[in-house]
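Open the model in a viewer and follow the stops below in order. Each stop gives a selection and then what is found there.

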Amino acid sequence: MPRTVTLTIDGASITVAENTTVAAAVWNLNGPDMRVSVERQSRGPICGMGICHECRVTIDGRRHQRSCLIHCQPGMEVATRHG
Amino acid sequence: MIVVGAGMIGASIAYELMQRDVQVTVIDASFEASGTTAEGMGHILVMDGSPAELALTTLSHNLWRALAPELPDAGQWDPCGTVWVARTQTELDALSGRCSTLAAAGHPSEILDEAQLREAEPELAPGLAGGLRIPTDAVVYPPTIVAWMLEGVSRSGGRILLRTSVAEIGNGCVELASGETLEADYVVNACGLHALDLLERPIDNAEIISRKGHLIITDRYEGMIRHQLLEAGYLDKAHAATDDSVAFNLQPRTTGQLLLGSSRQNRDTSRDIDSELMAMMVSRALEYVPGLAEVNAIRAWAGHRPATPDALPYIGPHPDAQRTIIAAGHEGLGITTSLGTARLIADHVLGQDPPIDPQPYLPGRSVH
Amino acid sequence: MDELSLGCVVVGAGPAGLAAAVNAAESGLRVAVIDENDRTGGQIWRSNRGALHPNAVRWLERADRAGVRFIAEATVLGRNRSDEIEVVSGDRPFRIKTESVILATGGRELFLPFPGWTLPGVTGVGGLQALVKGGLDIRGKDIVIAGSGPLVPAVAAELKRRGATVNAVAEQADFVRILSFGLKLARHPRKMFQALQLGFTLRGVPKHFSCWPSRAEGTDRVERVVLSGKRGTVTIPCDFLASSFGLIADTRLARLLGCSVDDRGIVVDEDQMTDVPGVYAAGECTGIGGVDVALVEGSVAGLAVAGRVDDARRLFRRRSVEQRFAAALEGSFALRRDVLQAVEDSTVVCRCEDVRWADLKDRESWRSAKLLTRVGMGPCQGRVCGAALCRLKGWTDPTPRPPLQPVPLAALTSSGQLQPR
């Protein structure tokens with residue numbers, strides 16, 4: 001039985017498979033536009049490996065976390081540009 | 001006139017001269033603002049470590065505030081003010097003394113008690129005795145201001161010779177590395193750390209050493225810090241001639257990034273990060289603003305302040321070569337005092353009365 | 001501050017790093033592998049929802065038996081002295097006493113800007129694969145993969161197998177070049193077999209050669225891509241556009257440590273040693289070549305560090321064979337000028353700071369551009385825009401400064417402990 005993780009993304013509670021990255025969970029739920037750029041453009045991840053910094057979201061109150069490098073943990077609170 | 005050095009000092013001088021209809025050629029070995037100007041904080045402040053320092057920073061501060069409306073947006077002029085932070089009552093008493101000194105020099109400031117301090121800066125740690133708030137201080141981003149000034153010089157017919165190395169500066173003449181010699185009524189040497197090395201004739205008692213400092217820039221945390229924050233002891237540490245030291249200095253940039261300093265080490269000209277000293281610098285900062293612990297640092301670097309033995313810059317003619325003017329050795333106040341420096345030099349070459357006594361800054365002065 | 005004393009530190013837990021660590025540890029050295037990720041495997045062996053590539057499993061088992069330690073989520077800050085490096089792991093700083101460092105920092109994709117490349121949904125080729133391995137759901141979605149290099153068909157095939165609809169695959173190199181590359185594979189039977197498998201998987205998928213993405217379009221996210229080629233343009237709808245132009249070596253840490261690099265990567269001698277004493281390098285970071293050459297180079301480095309010179313030499317011939325493949329790669333996928341000219345004045349080049357091509361095209365050096373436009377001043381510190389501008393403007397790579405990845409300030413103190421919230 002595959003294990004799951006329940007977390008909150010922009011106030012919505014969702015359950016994902018274990019080993020899902022926060023970036024994937026956010027994208028599957030709300031689409032790729034998870035960040036706002038300096039000139040207020042919508043942005044999403046491009047590199048998937050922590051280089052581009054376009055996947056930054058706030059996790060448990062800490063800003064600028066690279067969500068493609070972080071796996072979903074139970075009870076995590078994720079806030080993107082929408083939350 | 002020729003100005004050697006296209007940093008903040010050289011650009012300000014060229015800009016002032018241009019405004020007074022003097023033809024200027026600016027020469028730099030690299031590109032504009034590539035030296036110490038690119039490395040520092042861009043804090044415009046009044047410093048009262050000595051009467052001469054107070055006079056020069058006051059003059060300069062007023063000139064900056066007058067220039068502010070004309071600066072380009074990319075210059076990031078932000079009149080956010082400074083708050084000097086006292087940990088103890090003793091430090092707070094010292095700040096009260098400075099409050100009076102500043103008031104006498106025409107700078108309104110106010111003493112804050114512990115509660116008022118936390119209200120002015122909510123991220124400061126509890127338990128600090130209080131602070132001194134100087135609302136008229138500001139922050140700028142120097143490289144784009146230098147570029148703007150030089151564009152102004154160029155548009156008025158001045159010449160800007162970048163990527164042009166100078167081999168030696170004589171009396172009213174400059175020998176380029178290419179062998180060509182340029183002559184002018186006056187040559188201004190605004191070459192910072194290397195200013196004295198380029199002189200054909202040395203100046204007795206004059207010395208410029210490097211005073212290395214570390215800085216760390218963070219990601220964007222808009223609204224976290226409102227003023228530039230300095231620990232009360234910063235002034236003494238900046239003036240102490242010896243010993244490695246750190247002093248809390250935190251600057252909010254208009255981008256929302258925080259620029260964290262400061263440290264001082266004598267005579268180290270390398271760009272390497274001294275990780276132990278930097279660790280001390282960061283630890284000290286965390287004592288004042290604990291919330292910095294979670295703030296992401298994205299880049300650290302080391303820059304070099306050009307420092308003189310008596311903590312005052314050299315502004316004025318070479319004692320043995322009157323057609324060469326020195327404008328160097330501004331330590332950590334180069335950005336602020338660039339405009340005052342420019343004013344003093346322009347007044348000198350045009351034979352006009354300067355607004356402050358130029359004696360304390362003359363090269364060739366005796367050092368105690 | 002925590003201190004460790006080791007015989008050898010390996011930076012990077014991909015194939016080269018694992019091979020180096022295993023060989024050094026099996027020779028009796030105390031070895032630790034540092035990686036920025038929280039899982040091992042690097043990129044090519046990236047864990048797929050927790051499941052590891054079977055090759056990775058074999059090397060990890062050997063590593064385990066040989067006592068190799070792993071320090072995850074860690075970044076190297078610098079080398080204080082010739083026998084000490086500073087590392088930050090999570091929020092804690094460490095010092096590691098070691099005389100030998102093996103850099104296996106890998107490669108990363110080359111992104112080139114084109115109008116619309118910043119639309120959400122436009123990703124790299126390897127980037128999309130990495131996101132999918134992390135759980136991104138692409139079943140039933142329309143994907144276009146347009147760029148250059150072997151990753152293009154490899155990822156296209158992988159995503160098709162996972163249920164995506166691959167609307168098009170576009171390679172900017174000419175078909176003739178690709179064909180000649182394919183013929184060179186004849187000397188590498190396994191790779192040839194893999195290529196044929198790919199071709200079979202991609203049967204029926206429209207393939208465009210000598211074509212590149214000239215524009216991505218959409219309102220809030222990418223909806224279609226315009227491919228340009230010698231014979232005009234074609235517009236293809238897509239939910240995902242994966243675009244990158246080959247791999248480049250990740251040499252940041254090497255340059256921070258003072259190692260020389262050339263246009264392929266970190267410069268090393270036959271023992272995989274750099275020109276900084278005690279610092280070795282292996283794998284993609286010394287020149288893109290794929291997993292097989294990475295494994296051999298890593299093994300040579302591990303043996304060399306352990307002083308097993310004869311055993312290292314025994315691997316030289318195999319390394320030469322594998323490096324021939326790398327050379328074939330380079331020539332076949334060279335970038336055409338059109339791809340470097342796709343950028344327009346309003347195209348954002350520095351994504352961190354929103355600096356556009358119009359602000360950059362007349363600048364004369366990286367450093368003056370940085371100081372005057374803010375290019376490269378954001379958290380990626382010029383990794384994405386710098387690589388593109390090296391090719392668009394001929395500039396040299398910007399000087400790296402620590403930290404090489406953003407770290408919380410607490411991690412830069414001696415004690416490093418973050419206060420719990």
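Select S3(C) and S4(C): the two strands pair in the parallel sense over 3 bridges. Strands here are DSSP runs of E with at least two residues, helices are runs of H or I with at least four, and both are numbered from the N terminus; two strands pair if DSSP finds at least two bridges between them. Opposite C:Ile34 stands C:Ile71 in S4(C). Between S3(C) and S4(C) the chain passes through H2(C), and this β-α-β crossover is right-handed, meaning that, with the strands pointing away from the viewer, the path from the first strand over the helix to the second runs clockwise.

This is a predicted model, in which local features need pLDDT of at least 70 and side-chain atom pairs count only at pLDDT 80 or more, while totals for chains, interfaces and linings use all residues. Residues are numbered from 1 along each chain as its sequence is written, chains are lettered from A and ligands numbered from 1 in the order in which they are written, and side-chain values use heavy atoms, with hydrogens and water left out.

Stay on S3(C) and show its side chains. In a regular strand, side chains alternate between the two faces of the sheet. C:Val31 and C:Val33 point one way, C:Ala32 and C:Ile34 the other, and all are buried (under 20% relative accessible area with a 1.4 Å probe, protein chains only; exposed is over 50%, partly exposed in between).

C:Val10 has C:Val33 as its bridge partner. With H1(C), these two strands make a right-handed β-α-β unit.

Next select H1(C), residues 15-26. Its 12 residues reach 16 Å from first C-alpha to last, close to the 16 Å expected at 1.5 Å a residue (1.5 Å times one less than the number of residues). Of the 12 residues, 11 are buried, including C:Leu18, C:Val22 and C:Asn23. Among the elements covering them are S2(C), S3(C), H2(C) and helix H8 (291-305) of chain C. Just after the helix, C:Gly28 takes a positive phi of about 105 degrees.

Finally, select C:Val144, C:Leu241, C:Leu360, C:Val375 and C:Leu389, which touch the most other members of the 47-residue largest nonpolar core (buried Ala, Val, Leu, Ile, Met, Phe, Trp, Tyr and Cys residues joined through side-chain atoms within 4.5 Å). H14(C) gives the largest share of this core, 6 residues.

Note on methods:
Contact = heavy atoms within 4.5 Å.
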